[in-house]
Amino acid sequence: MNTKVYIHEFINVVGHNRARYMQHMAANWSPLAQEERSQLCYGIWGVVGSTGSWPQVVNIWEEDGFDGLAESFRHELGHRDLQDPALAKWWATAAEMRSGGFDRILVPHPKMPTVEELVSGGGHQGVAYAHEIITTSPGGAQRLLDAAWEDAEKIGANHRWRLIGAWTTAMRNRDECVLLWAIPSWGAWAGAESDAARGRELLPTTEVFVRSRQRILLADAPLSPTRTGRQPTRTDRVDWTD
């Protein structure tokens with residue numbers, strides 16, 4: 001049973017800095033966050049620009065429940081400038097590469113794997129990833145997730161998409177879900193989207209709960225655990241010291 005809590009980030013990258021930012025996030029941030037906050041990297045991806053905002057990066061971080069997230073907040077915000085002094089250099093460099101973003105706190109479906117469970121068999125979860133944000137009527141988010149887990153077997157059989165992430169958004173009216181699908185090939189993506197374009201819904205039993213849906217595509221960052229099968233380490237750094 002997954003009892004973790006997750007931070008989901010959309011990061012708006014400035015200019016041609018996406019690859020540099022993903023390296024900075026994975027190798028220069030994550031090892032210290034693992035040590036000082038017990039925060040694990042769930043995944044880092046670049047948004048496929050033809051399907052969403054660009055240039056943009058998605059980060060997802062795994063915290064040890066709300067208590068773990070609260071401790072992480074205490075560690076970060078318990079300073080005069082609301083910033084961990086150990087990361088002042090990191091923040092200054094990151095500011096050169098991004099213009100802002102938007103974060104969510106996510107609560108996983110109990111059946112969703114933790115990152116350690118997800119990558120226990122190795123990396124390369126997908127050639128691409130379908131990322132969905134779905135809104136429901138107030139209070140309907142959990143029912144949609146339950147239905148999505150049932151439907152996931154059908155889309156897996158038909159198109160080989162695999163549901164690896166399923167969350168409700170905290171601090172809302174229980175009306176938003178985030179789904180993350182690993183797609184094994186571009187042909188598997190094309191087949192499912194062709195069906196969807198013809199009105200054959202990917203998750204048929206969830207439709208009764210859906211008010212709106214947005215699906216974009218993501219591609220793994222080089223050091224994303226979903227690609228490498230491990231957490232980023234200091235040995236991944238290039239010309240960087242804390």
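This is a predicted model: local features need pLDDT of at least 70, side-chain atom pairs count only at pLDDT 80 or more; totals for chains, interfaces and linings use all residues.
**Two helices side by side**

- Two packed helices are described by the angle between their axes and the distance between the axes.
- For helix α1 (residues 18–37) and helix α3 (residues 88–95), the packing angle is about 170° and the axes are 11 Å apart.
- Angles over 145 degrees count as roughly antiparallel, and α1 and α3 are therefore roughly antiparallel to each other.
- On the α1 side, the residues that meet α3 are Arg 20, His 24, Met 25, Asn 28 and Trp 29; on the α3 side, their partners are Trp 90, Trp 91, Thr 93 and Ala 94.
- Sorted by class, this contact of α1 with α3 has five nonpolar residues, three polar ones and one charged one.

**Aromatic residues**

- Across the whole structure, a search finds nine aromatic pairs.
- One of them joins Tyr 42 and Trp 167 in an edge-to-face arrangement, with 5.8 Å from centre to centre and 80° between the planes.
- Tyr 42 belongs to strand β2 (residues 40–47) and Trp 167 to strand β6 (residues 162–169), so this pair ties together parts that are 125 residues apart in sequence.
- Tyr 42 counts as buried because its relative accessibility is 0%.
- Trp 167 also has 0% relative accessibility, so it counts as buried.
- Another ring to look for is that of Trp 240: Lys 89 lies over its face, 4.3 Å from the ring centre.

**Ile 7 in strand β1**

- Ile 7 is found in strand β1 (residues 5–13).
- With a relative accessibility of 13%, Ile 7 counts as buried.
- Beyond its neighbours within four places in sequence, Ile 7 is in contact with Gln 39, Asn 59, Ile 60, Trp 61, Glu 63, Leu 69, Asp 103 and Arg 104.
- Ile 7 and Arg 198 are 191 residues apart along the chain, and their C-alpha atoms are separated by 34 Å.

**Gly 165 in strand β6**

- Strand β6 also holds Gly 165.
- The relative accessible area of Gly 165 is 0%, so this residue is buried.
- Not counting residues up to four places away in sequence, Gly 165 touches Tyr 42, Met 112, Val 178, Leu 179 and Leu 180.
- From C-alpha to C-alpha, Gly 165 and Leu 179 are 5.4 Å apart in space, while 14 residues separate them in sequence.

**Backbone details in the loops**

- Which peptide bond is cis? The bond from Trp 54 to Pro 55 is, with omega near -15°.
- Pro 55 lies in the loop between β2 and β3 (56–63).
- Back at Arg 160, phi is near 70°, a positive value in a residue other than glycine.
- Arg 160 counts as exposed because its relative accessibility is 52%.
- Arg 174 is not a glycine either, and it has a positive phi of about 50°.
- The loop that holds Arg 174 runs between β6 and β7 (176–183).
- With a relative accessible area of 58%, Arg 174 is exposed.

**Two partly exposed residues**

- Pro 204 has its place in the loop between α6 (186–197) and β8 (210–220).
- The relative accessible area of Pro 204 is 44%, so it is partly exposed.
- Pro 204 and Gln 83 are 45 Å apart in space, C-alpha to C-alpha, and 121 residues apart in sequence.
- Glu 117 is placed in helix α4 (residues 115–118).
- At a relative accessible area of 48%, Glu 117 is partly exposed.
- Between Glu 117 and Ala 188 there are 24 Å in space, C-alpha to C-alpha, and the two are 71 residues apart in sequence.

Conventions:
Residues are numbered from 1 along each chain as its sequence is written. Side-chain values use heavy atoms; hydrogens and water are left out. Axes are lines fitted to C-alpha atoms, for helices over the stretch in contact, and angles run from 0 to 180 degrees between N-to-C directions. Helices (H or I, at least four residues) and strands (E, at least two) are DSSP runs, numbered from the N terminus. Angles under 35 degrees count as roughly parallel, over 145 as roughly antiparallel, 65 to 115 as roughly perpendicular and the rest as oblique. Contact means heavy atoms within 4.5 Å. Ala, Val, Leu, Ile, Met, Phe, Trp, Tyr, Cys and Pro count as nonpolar, Asp, Glu, Lys and Arg as charged, and the others, Gly among them, as polar. Rings of Phe, Tyr and Trp (its six-membered ring) pair if their centres lie within 6.5 Å; planes under 30 degrees apart count as stacked, over 60 as edge-to-face and the rest as tilted. Buried means under 20% relative accessible area, exposed over 50%, partly exposed in between (1.4 Å probe, protein chains only). A charge sits over a ring if NZ of Lys or CZ of Arg is within 6 Å of the ring centre and within 35 degrees of the ring normal.
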